[in-house]
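Have the viewer open and follow along.

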Amino acid sequence: MPVNILFSARPELWPEYEPLMRQYLTDAGLDFHLAKDIPADQVDYIVYAPNGGVQDFTPFSQLKAVLSLWAGVEKISGNETLTVPLARMVDGGLTQGMTEWVVGHVLRYHLGMDCHITQQDGTWTPDAPPLASQRTVCILGLGALGEAAALALAALNFHVIGWSRTAKDIPGVTCLHGQDGLREALSQAEIVVLLLPDTPATENILNADTLALLPKGAQIVNPGRGPLIDDDALLHALNSGQIGHATLDVFRIEPLPVNHPYWVHPNVTVTPHIASETRPVTAAQVICENIRRGEAGEPFLHLVDRDLGY
Ligand code: NDP
């Protein structure tokens, strides 16, 4: 019997993923049927994205695992109809893209680039930026994406503080955890990067209290998820000067509504959830490796802890 694999993601992705997955699954020696439409009670694996249409997993009576194309799984993690393993996406291409985006936006702040791009008014102010070693960047979240960004910034000599739920040891990065660790990390952070998942424990992690811990004028880069920030508290902190600038890629409602104050705030840069994306060439390999593992009785990679929500 072939392994039945349902591709349930945006239809535009199918032409990219189909040939890659066929190649990888063939290379793995699997007998498979890969399609966008398979009777639910025959499906073994679902290649999943939240916009693919499947919300109720009850009819998938022989399902072995759901393999998410997205790194963030907040839209599926709490789905009570899902009773089989859920794997999330950890993809080298996605990680590389995020590292480049984070480094770019941190360097924009560190070098004060805006001043010379937007204020060409004839005033000669020869103030050179400090070296990266004199700048403290705090990364909240030291998972696949946060660790890679932290290492890249440390390689540029930034003083990098990372914060996570559990203790970590990352070369060149001061690793903190727990509530005391969060306070210590934020109190030094000139630039804060959020690479946490959206879970009940991380919602509004930047709020009026934690924003007040930051040095005055600190800058925020959020490619994590919108609910990590209390928007009203951030707008208040931006208006008071407590926060100097924020670059926001993700929002509670996406697309960000046209009348949202972020669009017109002079100290906010909005980017449309483009910090990084799953790259088919590398991601198809990750998905197919998990199918191979499932069929070989080996443990799945990148399993989500449904109790923690990530
Ligand atoms: P991981 O699951 O690998 O890492 C999550 C990190 O957050 C871990 O270090 C984890 O700690 C930490 N964490 C989770 N909960 C807490 C908590 N309560 N307190 C402190 N730390 C916590 O995720 P990724 O690095 O792969 O991705 C991070 C997020 O990036 C995704 O969930 C997604 O929301 C977002 N993303 C955004 C994209 C974009 O284009 N804007 C693209 C892709 C992802 P520990 O290590 O101790 O478990």
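Helix 5 (residues 178-188) lies across strand 6, strand 7 (159-164), strand 8 and strand 9. Its direction runs at about 150° to that of strand 7. Keep in mind that this is a predicted model.

Those strands belong to an open sheet of seven, with parallel pairing and the order 8-7-6-9-10-11-12.

Now zoom in on one pair. Strand 6 (residues 136-140) and strand 9 (residues 191-194) run parallel and are joined by four bridges. Here Val-137 stands opposite Ile-191 in strand 9.

Helix 2 (residues 92-111) packs on the sheet too, touching strand 6, strand 9, strand 10 (218-222), strand 11 (243-248) and strand 12.

| Helix | Residues | Reference strand | Angle |
|---|---|---|---|
| Helix 2 | residues 92-111 | strand 11 | about 155° |
| Helix 5 | residues 178-188 | strand 7 | about 150° |

On to empty space. Rolling a water-sized probe over the atoms shows where it is left. How much space lies in the second largest pocket? About 230 Å³. Its lining is made up of Cys-115, His-116, Gln-119, Gln-120, Asp-121, Gly-122, Thr-123, Trp-124, Thr-125 and Pro-126. By class, that lining splits into six polar residues, three nonpolar and one charged.

Note on methods
Residues are numbered from 1 along each chain as its sequence is written. This is a predicted model: local features need pLDDT of at least 70, side-chain atom pairs count only at pLDDT 80 or more; totals for chains, interfaces and linings use all residues. Side-chain values use heavy atoms; hydrogens and water are left out. On a 1 Å grid over the protein atoms alone, a cavity is a set of points where a 1.4 Å probe fits but cannot get out, and a pocket is an open set with protein on both sides within 12 Å along at least five of seven lines; lining residues have an atom within 4 Å of a point. Grid points are joined across faces, edges and corners, and a volume is the space filled by probe spheres set on the points. Ala, Val, Leu, Ile, Met, Phe, Trp, Tyr, Cys and Pro count as nonpolar, Asp, Glu, Lys and Arg as charged, and the others, Gly among them, as polar. Two strands pair if DSSP finds at least two bridges between them. Helices (H or I, at least four residues) and strands (E, at least two) are DSSP runs, numbered from the N terminus. Contact means heavy atoms within 4.5 Å. Axes are lines fitted to C-alpha atoms, for helices over the stretch in contact, and angles run from 0 to 180 degrees between N-to-C directions.
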